[in-house]
Amino acid sequence: MDHCTICLSGAAGMGIQTVEKLLTKILKNNSYNVYATKEVMSRVRGGNNSTEIRVGQSKVRGYKHYVDIFVPINKNAIERHVDRFTENTMVIGEKDNMDYDFGSNRKYEIAFSDIAKEIGNKLYTNTVAVGTLCGVFDVDKDKAADFVFETFKRKGEKVSQENKQAFLKGYEESEKIEFESVPKSSSDLSQNLLINGADAVALGGINAGADFVSSYPMSPSTTVLIAFAQRAKKFGLVVEQAEDEIAAINMACGASFAGARPFVTTSGGGLALMSEGISLAGITETPVVIHIAQRPGPATGLPTRTEQGDLNLALYSGHGDFPRAIFAPATIESAFKLSGYTIEMADEFQTPIFLLTDQYFVDSYYNVKPFEIS
C-alpha cells in the first residue's frame with residue numbers, strides 16, 4: 001500500500017489540532033510524506049470537527065474521501081463519517097465513542113483517557129492517541145518520544161515528562177492492533193518543510209520585500225494575517241489589524257505612497273468593502289497587493305468552508321477601468337513564488353494586483369523541499 005488515510009473527529013476544543021500537528025511532524029521526521037487538511041465547524045466549541053492526515057511513501061497532495069484508519073474522539077464522530085468507511089476501515093478509540101454499528105469488526109478499543117488519568121491528567125488523552133498511531137506506523141519510538149517532550153517543554157518539566165509517558169503508553173497499546181496496510185517510508189525528508197498555504201503566501205511576500213500588512217480579521221484569510229504577524233519582529237514588518245476592511249485598504253494605499261511594499265489579506269465580504277479603496281489605488285497608480293482567501297457566499301456565507309467564487313469580484317472590483325493582474329496558485333510551492341511575484345509586479349506596473357486562494361488551500365499543508373529565495 002502506497003498511501004494510508006487517517007481521519008480523527010471530535011468536538012471543537014477537544015484538541016484534534018494538537019494530534020494533527022504532533023502526528024504529522026513525527027511521521028515526516030520518520031521519512032513519511034504527509035498531507036493534512038481539516039473540516040471546521042463555525043463555532044468556538046461543540047459541533048464536530050475533523051482532520052484528515054494522509055501518509056505515503058510518495059508525495060501526497062490531496063484529499064481522499066475514503067479512510068483507512070478512523071479515530072473517534074467523541075460519541076457522534078462515527079455516525080457523522082460512516083459514509084467514508086470501507087470494509088477495510090480500521091476504527092481505533094474508546095469504547096463509549098464506538099457505540100455505533102458501522103458494519104465492521106475491524107475495531108480496537110483503547111482506553112485513551114483512562115491511561116491519561118493514570119499518568120496524571122486527562123488532558124494527555126490526545127498524546128496517548130498519538131502514541132498509538134505512531135506505533136501502528138512503527139516509527140522510531142525513542143526519537144518520537146523525545147520530540148513530544150521537546151514540544152511540551154515550554155509548559156514545564158512535569159507536563160513535558162508526563163506527555164512523553166503518555167506517548168510511550170499509547171505506543172505500547174499499538175501492539176494490540178493488526179494493520180497490514182502501512183505504507184513504507186520514503187528517503188530522508190529531514191530537510192523538507194511542513195508548511196500550509198497561509199505560511200507559503202506570507203513567506204513569499206516577505207521574501208519579495210512586503211513590509212506593511214493591513215487586514216481586518218475574516219476567515220479564512222486571518223491565517224495569512226497571523227502568519228505575517230508571527231514573523232513581524234524577526235523581519236521588521238508593520239502588521240496592522242485595522243478597525244475594518246475600508247481602513248485596511250486605505251492604510252495600504254497610504255503605506256505604499258510612503259514607500260512601503262503593502263500586502264492586504266481578506267475574504268470575499270471584506271473585498272466588497274474595499275472596492276472604493278481599490279479604485280483609489282487604480283486612479284493614483286498606487287501599487288498594492290490584495291490577497292483573497294475565498295469562502296462560500298453570498299453575504300456572510302460559510303466562514304469555515306471553501307469555494308472559488310470570487311474571480312469576478314477580483315476582476316471587476318472598483319469602478320471605472322484600470323490595469324490589474326490576478327494570480328491563483330495551485331500548489332504550496334507556487335504560492336510562495338506567486339505571492340512574491342505579485343509584490344514585484346505591483347511595484348513594477350504601479351497598480352493593484354490580486355492573489356486568489358481559498359479556505360482549503362490556506363488551511364491544508366504537506367511537506368515540500370525548501371523554497372529557493374533568490
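Reply: Start with pairing: two strands pair if DSSP finds at least two bridges between them. Helices (H or I, at least four residues) and strands (E, at least two) are DSSP runs, numbered from the N terminus. Residues are numbered from 1 along each chain as its sequence is written. This is a predicted model, in which local features need pLDDT of at least 70, side-chain atom pairs count only at pLDDT 80 or more, totals for chains, interfaces and linings use all residues, and side-chain values use heavy atoms, without hydrogens and water.

Me: Which residue of β13 stands opposite F327?

Reply: First the general idea. Strands of a sheet pair through backbone hydrogen bonds, either parallel or antiparallel. Here, F327 stands opposite L355 in β13. The strands β12 and β13 run parallel and are joined by 3 bridges.

Me: What is the order of the strands in the open sheet of 6 strands?

Reply: Read it as β9-β8-β10-β11-β13-β12, with parallel pairing. The edges are β9 (238-241) and β12 (325-327); each has a single partner strand, so one side of each is left without a neighbour in the sheet. On average, neighbouring strands of this sheet are turned by 20 degrees against each other, direction ignored. For angles, axes are lines fitted to C-alpha atoms, for helices over the stretch in contact, and angles run from 0 to 180 degrees between N-to-C directions.

Me: Which strands does α10 touch?

Reply: Contact means heavy atoms within 4.5 Å. Helix α10 packs on the sheet and touches β8 (212-215), β9, β10 (262-266) and β11. Its direction makes about 165 degrees with that of β8. Now look at α14 (residues 332-349). This helix lies across β10, β11, β12 and β13, and runs at about 165 degrees to β13.

Me: How do I read burial? Which residues of α12 are buried?

Reply: In α12 (residues 275-283), the buried residues are G277, I278, S279, A281 and G282. They pack against α10 (245-257), α11 (268-273), β11 (288-294) and β13 (352-358). Just after α12, E285 has a positive phi of about 55 degrees.

Me: What about strands? Are the faces of β14 covered or open?

Reply: In a regular strand the side chains alternate between the two faces of the sheet. In β14 (residues 365-368), both faces are covered. Y365 and N367 are buried on one side, Y366 and V368 on the other. Strand β2 (residues 33-39) is antiparallel to β14 over 2 bridges, with Y35 partnered by Y366. Strand β7 (residues 193-196) is also antiparallel to β14, over 4 bridges, and there I195 stands opposite Y366.

Me: How many residues of β1 are buried?

Reply: Strand β1 (residues 3-12) has 9 of its 10 residues buried. It runs parallel to β4 (residues 69-72), joined by 4 bridges. The bridge partner of L8 is V71.

Me: How many disulfides does the structure have?

Reply: A disulfide is a covalent bond between the sulfur atoms of two cysteines. The test here is a pair of cysteine sulfur atoms within 2.5 Å. The whole structure has 0 disulfides. Take C4: its closest cysteine sulfur, in C7, is 12 Å away, too far for a bond. C4 is buried, at 0% relative accessible area. C7 is also buried, at 0% relative accessibility.

Technical notes
Buried < 20%, exposed > 50% of the residue type's maximum accessible area, 1.4 Å probe, protein only.
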